[in-house]
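Thanks, everyone, for making the time this morning. I would like to walk through one model with you, so please have the sequence and the structure open as I speak.

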Amino acid sequence: MPYKSKKESFKIFLLYIKSFAGFCRYKLLFLVMLTALSSIGQGIGIFMLIPFLQIFGLGTNRNDMSLNSVTNYLLKTLNFIGLPLTIGSVLFCYFILTVLIKYINYRQNLLNTTLQNQFTSSLRCDLFKSIIFAEWNFIAQLKSSNIAHVITSDIPRVSTGTFFFMKALIGITVAFFYILWALMISAKLTFFALLVFCATFYLLKSHLPESFQKGATARNALSGIYSILLDHINGLKIAKSYCLEKEEYQNFVKLNEEISATSLSSSMLNSRTNMIFTITTSFFLCVYLYLAMNVFQIGAERVLLLILIFSRLAPCFLELLTSSQHILGMFPSFLAMKSLQHDSDRHRELSNHTQDTNSNKMSLSESIKLENINFSYGNESEFELNGITLEIPAGKITALIGHSGSGKSTIADLISGMLKPDSGAIKVDDTVISKENLYKWKRAIGYMPQEIFLFHDTIRNNLIKGNPDVKDEEIFEALRLSSAYDLVMSMNKGLDTVVKDRGLRLSGGERQRISLSRTILRKPSLLILDEATSALDVGNEKKILEAIKQLRGKYTLLIISHKPSILNFADKVINLKNGKILNVIDNSLD
Ligand SMILES: Nc1ncnc2c1ncn2[C@@H]1O[C@H](COP(=O)(O)OP(=O)(O)O)[C@@H](O)[C@H]1O
Ligand SMILES: [Mg+2]
């Protein structure tokens with residue numbers, strides 16, 4: 001990600017502000033108010049030095065009317081409270097003031113951390129929501145490592161950036177008040193000091209694009225690490241069998257070194273900024289003091305106050321500078337997060353108001369009809385379905401057969417509502433599937449993919465996922481129907497046996513049968529089995545086919561296969577080739 005132009009960086013900044021300020025609203029204003037209060041308190045603390053010096057008989061320049069007028073207020077206040085001007089009373093006031101300031105600072109820190117946490121957590125939830133409510137066709141094309149990276153790494157970076165953003169905001173407020181105090185003491189010298197700070201800022205401004213670039217490099221390297229990690233975990237067996245360990249390790253080390261180098265050079269950049277700023281401002285402070293004493297001939301009290309103010313103002317400016325570096329370093333992550341969210345929102349499956357929450361299922365008594373369906377995957381693939389019309393009778397077994405790539409899974413995904421046709425209608429007993437009833441229809445479908453995913457949990461919990469109220473008798477019935485009853489009962493802990501994630505403990509056929517039980521437990525109106533037997537050996541395939549036979553009449557089944565064995569017992573066979581229906585065989589008419 002190359003450095004964005006100034007205009008674009010500004011746009012990202014505005015987008016960030018909009019997002020953060022939109023979230024905090026008045027709380028951010030409250031934070032600024034607290035900072036203002038604490039700055040005023042600190043200003044009073046500085047001006048209280050005057051009466052303190054007067055007690056010691058120091059720097060009492062009675063002709064200095066303007067300075068006296070500021071301290072007069074303080075003296076009047078002391079008088080009003082009824083405190084005499086003694087060391088004890090001044091120290092007492094100073095202590096009370098410090099307590100107040102520290103309390104305000106405490107509240108300020110609390111608010112700062114709370115806002116940072118709440119904002120981060122809302123970003124995480126909003127993004128996850130946008131992703132999971134997006135259309136399947138979009139989600140299927142997302143890289144899982146990218147999703148993981150954005151949620152677990154980019155968002156924490158945005159969170160750190162937010163911390164520095166608030167720090168910068170506090171810094172600006174504090175600086176505003178210190179400049180105000182300084183102006184009250186000497187306008188000329190304040191303008192001079194501001195000129196110095198601005199010049200130093202200008203000198204160091206080239207560090208800002210560098211921060212953006214370093215942030216982008218670090219982000220990209222980390223993204224590569226996530227990709228290697230997830231790909232490797234998902235394909236561990238393949239990687240090991242191809243002896244790819246060494247190659248993967250080397251890629252990992254290379255990316256890791258890149259991350260270390262970027263993080264090191266970011267720290268160096270920050271330290272360099274710090275050093276240059278401190279040296280430059282120290283130099284100008286000397287010039288400044290020389291001018292104050294010898295050219296402007298300002299009294300000792302004023303010089304003392306100015307030194308105090310500027311020694312606090314300088315860190316404010318430095319903090320502003322380093323905070324800007326951190327904020328800019330976070331922008332690549334913020335951009336990645338926003339663009340993932342924006343894309344997901346653009347592909348939202350249903351708008352908010354149609355996202356229903358009831359648990360009704362659509363019933364099916366006659367048939368599912370596809371009428372003149374046209375569909376393409378867009379730019380991603382040349383594959384097209386043109387004018388597909390077919391019917392799946394209720395309570396029967398329909399087989400969708402054809403070579404690999406002929407469009408069987410695509411049609412199944414269209415029927416199950418995972419994909420949206422470009423034109424044409426899908427009807428369930430003459431009800432057209434639309435946005436309004438999509439979820440009702442999806443809940444009525446039991447879909448079993450070829451790649452079975454079992455959670456690292458007990459068999460019982462795997463079976464009742466999304467269906468927690470089912471009774472054991474229903475579970476046993478489903479296991480019997482899917483020829484998995486004997487299998488589960490033969491395990492020493494029965495339903496409480498833990499299967500490992502990705503179901504490593506069970507064979508392919510065993511996983512298929514457990515998964516079939518899980519699908520049956522959803523009591524679907526339509527059961528779709530996508531290549532349920534394709535990866536199985538003859539023995540296991542026979543078992544699954546037996547299970548499917550048992551389901552005849554109880555369920556409407558759509559079986560997808562490229563194996564001819566399915567033809568023997570399907571009531572209807574739809575033969576596909578290159579996205580077109582080659583022929584339809586209706587065995588139920590025999
Ligand atoms: N998510 C997708 N994006 C782009 N093209 C896809 C996608 N899924 C499938 N395809 C393409 O659509 C065609 C049909 O795929 P599919 O329906 O899965 O075939 P089958 O299940 O019959 O093997 C294939 O050429 C495949 O490359
Ligand atoms: Mg397929």
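Helix α18 covers residues 508–521, and its 14 residues reach 20 Å from the first C-alpha to the last, close to the 20 Å expected at 1.5 Å a residue, where the expected span is 1.5 Å times one less than the number of residues. Helices here are DSSP runs of H or I with at least four residues, strands are runs of E with at least two, and both are numbered from the N terminus. Before I go further, this is a predicted model, in which local features need pLDDT of at least 70 and side-chain atom pairs count only at pLDDT 80 or more, while totals for chains, interfaces and linings use all residues. Residues are numbered from 1 along each chain as its sequence is written, chains are lettered from A and ligands numbered from 1 in the order in which they are written, and side-chain values use heavy atoms, with hydrogens and water left out.

Because 12 of the 14 residues of α18 are buried, this helix is largely enclosed by the rest of the structure; buried means under 20% relative accessible area, exposed over 50%, and partly exposed in between, with a 1.4 Å probe and protein chains only. Among the buried residues are Arg511, Arg513 and Arg518, as well as Ile514, Leu516 and Ile520. What covers them includes β6 (445–448), α15 (459–464), α16 (472–481), α17 (485–489), β9 (526–530) and α19 (538–551). Just after α18, lysine 523 takes a positive phi of about 50 degrees.

Aspartate 472 forms one with arginine 460, the closest N and O atoms being 2.7 Å apart. Since aspartate 472 lies in helix α16 and arginine 460 in helix α15, the pair ties together parts that are 12 residues apart in sequence. Arginine 460 also meets aspartate 496 in a salt bridge at 3.4 Å, N to O, and here the partner sits in the loop between α17 and β8 (498–499), 36 residues apart from the arginine. Arginine 460 counts as partly exposed at 21% relative accessibility, and aspartate 496 is partly exposed as well, with a relative accessible area of 39%.

Turning to the overall layout, the chain is divided into domain 1 (6–346) and domain 2 (367–589), with bounds that come from an automatic or database domain assignment. Their C-alpha centres lie 56 Å apart, and the contact, meaning heavy atoms within 4.5 Å, takes seven residues from domain 1 and nine from domain 2. How much area do domain 1 and domain 2 bury between them? The figure is about 600 Å², 49% of it on carbon and sulfur atoms, where buried area is the accessible area (1.4 Å probe) that two parts lose on being put together, summed over both. In domain 1, Trp136, Asn137 and Gln141 lose the most area to domain 2, together 64% of what that side buries.

Finally, glutamate 349 lies in the loop between α12 (300–346) and β1 (367–376), and at 10% relative accessibility this residue counts as buried. Leaving aside neighbours within four places in sequence, glutamate 349 is in contact with residues including Phe133, Glu135, Lys435 and Tyr439.

Methods:
Salt bridge = Lys/Arg side-chain N within 4 Å of Asp/Glu carboxyl O.
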